[in-house]
Amino acid sequence: MSDILRRISLVLVTLLWSAASLPAAAEQITVFAAASLKEAIDEISSDFTRATGIDVAASYAGSSALARQIGFGAPADVFISASTDWMNHLEENSWIQPATRFDLVGNRLVLIGPSSDAAAFDIAADTDLIAMLAGGRLAMALTDAVPAGIYGKAALEALDLWDDVAPMVAQTDNVRAALSLVSLGAAPLGIVYATDALADDKVSVRAIFPPHTHPPIIYPVALTKRATSPQAEAFLDYLNGDAADKVFRELGFLLEAD
């Protein structure tokens, strides 16, 4: 063997040995979750990582946007939607693993205002939202795509309030953006989930929409079609366990037993 070949062989052996001696890349799970779940999933993910050493990368947005991204092949392992409709859409198109799907938590729909205006009331067909808005906007997530907006529109329609207030609605890409408009003083009222209101001390709950005025607010979860690792399955099991239930309950989500 020539000196050149010996040197090339030595370099290759050295590179292979170096690669083998490097620590294995950390396992990571990618979770796509509805924006309203941010505090809960952040806390649960941290607890899971401490317990297992497996990192969790979470991405938050409106359920509709996340579902579309998964449909286009985005690298998500776990999807948590704020709507059964969007999860059904993914299941019908074979983009999730149906056998892994279950309902995770529930929520309530509320009308919020600034925390300085804390007087609560029972919302009904005779509620004068136009007067309460005083020329301002009603902040809502997209009413034809984002679950919180769809639920909000349904509730207002059930109370015969939608037609009057529709021209005053400021629509946002997700429910947390609607929350921010009220929190920052850009809108006097908004419709969000009860858990969103609890996450921001600059807003207060003015009214709780009766459950019969809108479809049940349910967050289904499932592994996506691309998720094949046992780590993703382990995270799904953790979400369904007592430790995660404790976090969800503390942050105001509804569990099946509630």
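Seven salt bridges are counted, a salt bridge being a side-chain nitrogen of Lys or Arg within 4 Å of a carboxyl oxygen of Asp or Glu. The model is predicted, so local features need pLDDT of at least 70 and side-chain atom pairs count only at pLDDT 80 or more, while totals for chains, interfaces and linings use all residues. Side-chain values use heavy atoms, leaving out hydrogens and water, and residues are numbered from 1 along each chain as its sequence is written.

One of these bridges pairs Arg226 with Asp77, at 2.9 Å from N to O. It links distant parts of the chain, 149 residues apart: Arg226 belongs to the loop between β10 (218–223) and α10 (230–239), and Asp77 to the loop between α3 and β3. Helices (H or I, at least four residues) and strands (E, at least two) are DSSP runs, numbered from the N terminus. Asp77 is buried at 9% relative accessibility, whereas Arg226 is partly exposed at 43%; buried means under 20% relative accessible area, exposed over 50%, and partly exposed in between (1.4 Å probe, protein chains only).

Turning to another pair, Asp196 and Arg176 meet at 2.6 Å, N to O. Through shared partners, salt bridges join Glu39, Arg176 and Asp196 into one network.

Within helix α2 (residues 38–52), Lys38 and Asp42 are four residues apart, about one turn of the helix. Their salt bridge brings the closest N and O atoms to 2.7 Å. Lys38 is partly exposed at 36% relative accessibility, as is Asp42 at 31%.
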